Structures are given as structure tokens and as C-alpha cells.
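Hi everyone, thanks for making time this morning. I'd like to walk you through one model, so please have a look at it on the screen before I start.

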Amino acid sequence: MTSLSAAELIRPKVIVVVTFEYGMSMGDKPGEFQLWAEREKLTQTMTVPGLDHPVHFNDQGVYGVVSGTTVRASLQIQALGFDPRFDLSQSYWLVNGIAGVSPHVATEGSAAWARHVIDGDIAYEIDTREAPADWPYGIMALGNKTPLTPPVIPGWAPKPMAWTLNPALVEWAYELTKNVELHDTLEAQAHRALYVGFPAAQAAPSVLYGDSFGSCRYWHGAALQKWADDWTRLYTGGKGSCAMSNMEDHGIANALERLAALKKVDFQRVLFLRTGSNFSMPPTGQTAADSMVAEYQGMMPALEAAYRTGSPVVHALVKDWAKYADVIPGK
């Protein structure tokens, strides 16, 4: 491909990254992308080699990317970052999608701005049925002998296992959106009423700070929620609190950090916003197996929360681009 001049390069102001869409980008059953595409009028498209879904954009500098799930997400973000048509050095990134919400922290339809993204994939693991009786789960950090003690992470183990986001930018986004009116439904209300003993789960949807725990496996249940809670604290030095579980954020964070090391993106301009479509563990009286495959009662509230909470941030960045192109909000 012929090299482009500086004037010809594409410079997105904001890139909204979602992970899946059911069918068409507009006009049918909505996945994570459709509300963004329709409401932000992302009607223009372009093909980026390595991406499964066309990149959509509008004339305001807002771009929408469907990354795919699991490890595919990291590879597709890398592909976007290496496309020579783009200059992403000043672009802001809003990683935005649904998640399993911990009933210890929030309810379905809630939106959590992450301060940290945790990698839950790199581990020793045995089937819990073969684990010693005093183990809370059959997973432990590389280099450990038991999940009951803090591990000594060996030098050869992959790093990092957590990414800390720009705290000033996260705070700016939270303060801008903390009073956003979120969508609720009778079905979601009835479902959260089952979570007796979990006051955060029974409360109305809200915007909060809450960290993102990524693992390519779709896990569910109280034991694995404890694992996610424990690992979030472990890899953030006790600073993190697991709110949202998903299958992509650790891969996307890893890709963006590597692109930042190559001066292709600015990791200080990255935000992760997840919204609860389902609980990550069952209510009392229901098995984890039944809960895991049950229809999501918080799906539409979560899709709405993702757009309603994320869009004010996008609009603010675009509106004051003359300032935010060079000065990151919150600094």
C-alpha cells in the first residue's frame, strides 16, 4: 500500500469498541453495537483487513468497532492499530459492552467504570472435584502451590496480569455520568428480587466504579465469583473490586498497551465501561448450572446502560475536541 501523507491519514476522535452484534448493524435485534450505530448515525463504513465486521463512522469523528469475543478481540484490535491508513495517537477508546455483574457489587442494568482490568486466563487449574477439600476452587496463580496463600509469581510468568487505567480520566467519565438515568424493566426487577441477602443486587441500576475481570471462558457460580474477587485483589495489590466479568477486556487491554509501546495509541486515553446483563452467580435456591443458561433478564437494560452511560463521554470529547485533542480530561 502506498504511504499516505499526514493530511490523508484517518484520525478518529473516539473509537467505541464493542464485542458482538447479532445480525445487521441497524434495524434488527440489537446486540452491543446497534444502539451506537443507530443513535450516533454511524452510517459510513470501511473495511479493515483483519477485522470481521466493517468499521462504522460518522462525520463527527466517532468510529465504531466490533472486536469479536475471546482472544479474537485482541487480534482484531491489533489489526486496527497496524492499519497504515490510521493515526490513532490522539484517539480516545471506549471499550463498551455487557457483562456478568457480581451481586455483591451491583445489579443488572448497572454500568461500571473500571479502574483496573484483570487477566483471569493465565493460571494453574485442576477440576474442583479433584482439589483438596480446603481449596475454595481448583485455580491458582502460576508459581503457587496452593490457592490458600499469596503466590510468588515466577519471573518467567506472563505479565502484566492487570492494567491500571488513567485514574483522572476514569474519574472524569464517572463524574460526568454518575447521575445518568438508567433503563429498568419489570423482568429485571423480578429477577433481582430473588437475590435475598444481596442488597446491591436488589437495588436499582446505577453507575459506579467497578473493575473488569476478563477470561476467555464463560464461567458462573459462587465459587468462581470468589476466585474472580480474590484475583482482582491479588493482582491490584488490594486496590481493585471485581464488578463485571467478561471474555474480552484483558485481551483488548493487552493489545492497546502493546500498540501504545509502539507509539500507535495512547493508553492514557483508554476507558472500559461494562454493564450488567446477567448476574455472575445464582440466587439462593437455584443451581449454578440452571442460572448459567437462563435467559438474561437484564439484557435490554444493559444495552441501554452501555449507550446511555457511554454516550455523554463520547459527546463531551467530540464537543470540546479543540481542547481534548491535546489535553486529556481530568488532568
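I'll go through the pocket, a surface patch, some backbone features and then the salt bridges.

A word on the ground rules. This is a predicted model, so local features need pLDDT of at least 70 and side-chain atom pairs count only at pLDDT 80 or more, while totals for chains, interfaces and linings use all residues. Residues are numbered from 1 along each chain as its sequence is written, and side-chain values use heavy atoms, with hydrogens and water left out.

Let's begin with the pocket. Rolling a probe the size of a water molecule over the atoms shows where empty space is left. For the cut-offs: on a 1 Å grid over the protein atoms alone, a pocket is an open set of points where a 1.4 Å probe fits, with protein on both sides within 12 Å along at least five of seven lines, and lining residues have an atom within 4 Å of a point. Grid points are joined across faces, edges and corners, and the volume is the space filled by probe spheres set on the points.

How big is the volume of the largest pocket? About 290 Å³. The lining has 21 residues, and those closest to the centre are Tyr218, Ser245, Asn246, Met247 and Tyr296. Two or more lining residues come from each of strand E5 (92-101), strand E13 (242-246) and strand E14 (270-279). Helices (H or I, at least four residues) and strands (E, at least two) are DSSP runs, numbered from the N terminus. E14 gives the largest share of that lining, with four residues.

By class, the lining splits into eight nonpolar, nine polar and four charged residues. Here Ala, Val, Leu, Ile, Met, Phe, Trp, Tyr, Cys and Pro count as nonpolar, Asp, Glu, Lys and Arg as charged, and the others, Gly among them, as polar.

Together with Met292 and Val293, Tyr218 makes a nonpolar surface patch of about 290 Å². Patches use residues with over 30% relative accessible area and no salt bridge, and nonpolar side chains (Val, Leu, Ile, Met, Phe, Trp, Tyr) are joined within 5 Å. The areas come from the Shrake-Rupley method with a 1.4 Å probe, and for residues only the protein chains shown count as cover. Valine 293 sits in helix H8 (residues 288-293). Is valine 293 buried or exposed? With a relative accessibility of 65%, valine 293 is exposed; the scale is buried under 20% relative accessible area, exposed over 50%, and partly exposed in between (1.4 Å probe, protein chains only).

Now the backbone. Most residues other than glycine have a negative phi, and most peptide bonds are trans. Lysine 159 and proline 160 are joined by a cis peptide bond, with omega about -5 degrees. Proline 160 is in the loop between strand E9 (139-140) and strand E10 (162-164).

Two lysines have a positive phi. For lysine 41, phi is near 55 degrees; this residue lies in the loop between helix H1 (34-39) and strand E2 (44-46), and is exposed at 57%. For lysine 263, phi is about 65 degrees; lysine 263 is in the loop between helix H7 (249-261) and E14, exposed at 71%.

Last topic, salt bridges. Side chains of opposite charge can pair when their charged atoms come close. The rule is a side-chain nitrogen of Lys or Arg within 4 Å of a carboxyl oxygen of Asp or Glu, and the count comes to 14.

One of them pairs arginine 39 with glutamate 304 at 2.8 Å, N to O. These two link distant parts of the chain, 265 residues apart, with arginine 39 in helix H1 and glutamate 304 in helix H9 (residues 299-319). Arginine 39 is partly exposed at 36%, whereas glutamate 304 is buried at 11%. Arg39, Glu304 and Arg308 are linked in a network of salt bridges.

Another pairs aspartate 230 with lysine 226 at 3.4 Å. Both lie in helix H6 (residues 222-235), four residues apart, about one turn of the helix. Aspartate 230 is buried at 17%, and lysine 226 is partly exposed at 40%.

That's my tour, and I'm happy to take questions.

Terms used
Patches are made of residues with over 30% relative accessible area and no salt bridge: like charges are joined within 9 Å, nonpolar side chains (Val, Leu, Ile, Met, Phe, Trp, Tyr) within 5 Å.
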